[in-house]
Amino acid sequence: MSEMAGYPHIHTVVTEVLRAWPAHEKYIERSFASRTDRVMRACDELCAAIIRMADTVEGGLPLICEDYKYFSENVVLMEQLYFQRHGEYSTKSFEEANSKYYSNALFMRRYVNCLALSTALWENHANVFDAYLNEYLPGLEPGTRLMEIGPAHGFALYFAAACEPVTALTGWDVSPTAIDHTRQVLNALGVKKHVNLKVQDLFEAGSPPPGEEFDAIVIGEVLEHLEDPRRALKSVAAWLRPNGRMWITTPVNSPFPDHIYLFHNIEEILDLVRECGLEIIKHEAYPMSGMTLEKAMKRKQPVSCAITATKLN
Amino acid sequence: MDRSEILSKITELMRDVFDEDDLVVTDETEAEDVADWDSANHVRLIVAIEEVFKIQFTTDEITAPENTGQLVDLVASKLKG
């Protein structure tokens, strides 16, 4: 693991992951083989936060790594199998995802812990995180009021709180359990800025009162969980002030148990964003670990798409 | 279908799935020996084998084989039914 020399927090996390799951070494090697120093530094910061958060939960980092292994081997692999067999995601509705998964506390703990680690360990997720940390957040103007839709493991809000231009933070999620988890993580990480976390159904949020729009909205890995991502993104766009900045990420061909909406290619995602009255400033596509974009698309493997968009006057 | 025919067909599938036209496959070939043989591509290989041989693996069978020889034996046993 020579690639990890100089990145002590990545080294700590990877060492613990491989202790729980030795057979994962080949994947890890491929995932870290060609990362830039900037991506490595971003992931090292993230791993430092994960370690700090882990110190405050029962079971600590070893439990989080066990959850990552369990979820990857027993859940993600089965979803990949279904997807390759049938060409579609296994879950068809939000109600199905809600009844099968969102109400299962153990399942959700493993899921959230898996996602937290995957952000650093999976090459496509790491590249998205790097772009968020090193491109999107630094581009925000002083005095930014930022909202995240679906903050989940809380790390996007944590790093937004650490960003000087961001002065007010809000997080919305339809699930009280998810909001509680985000609150615990932000408390564990010692976030000083006030974060307004709220149980809020996006479709019932209506329109913002005049002057209450957000300067920046983050909606990461949410659209694929919805039956109608177009309607959802239109609702979100209503809360962005003109010329504000929205960070949108969603994957192509990414079978997870609660992924409902299948994007077949990047263009579908870009079209959807434009149809919601947003103008795309920048977009990038990041293939899964160890693959070129062309190969990932040919093999129907996951590709993460990250978009910075704005709303015109 | 005899064992060598199964190995030959699986070799073709492995060359396609792993994008290695010159891949040499023996009974002893395992994931460690093939650069692209990771968990995601293992799933693709399994589904390709299911389609060609018109069989379906159980959840346990998908991860059980430790090398190509065991995979060939598993396919042979399922073809016998």
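Visitor: How many disulfides does the structure hold over all chains?
Guide: Zero, over all chains. A disulfide here is a pair of cysteine sulfur atoms within 2.5 Å. This is a predicted model: local features need pLDDT of at least 70, side-chain atom pairs count only at pLDDT 80 or more, and totals for chains, interfaces and linings use all residues. Residues are numbered from 1 along each chain as its sequence is written, and chains are lettered from A in the order in which they are written.

Visitor: Is A:C43 buried or exposed?
Guide: Buried, at a relative accessible area of 0%. Buried means under 20% relative accessible area and exposed over 50%, with partly exposed in between (1.4 Å probe, protein chains only).

Visitor: New topic. What lines the largest cavity?
Guide: The lining includes A:F83, A:P255, A:K300 and B:V43. On a 1 Å grid over the protein atoms alone, a cavity is a set of points where a 1.4 Å probe fits but cannot get out, and lining residues have an atom within 4 Å of a point.

Visitor: Which helix gives the largest share of that lining?
Guide: Helix 4 of chain A, with three residues. Helices are DSSP runs (H or I, at least four residues), numbered from the N terminus.

Notes. Side-chain values use heavy atoms; hydrogens and water are left out. On a 1 Å grid over the protein atoms alone, a cavity is a set of points where a 1.4 Å probe fits but cannot get out, and a pocket is an open set with protein on both sides within 12 Å along at least five of seven lines; lining residues have an atom within 4 Å of a point. Helices (H or I, at least four residues) and strands (E, at least two) are DSSP runs, numbered from the N terminus.
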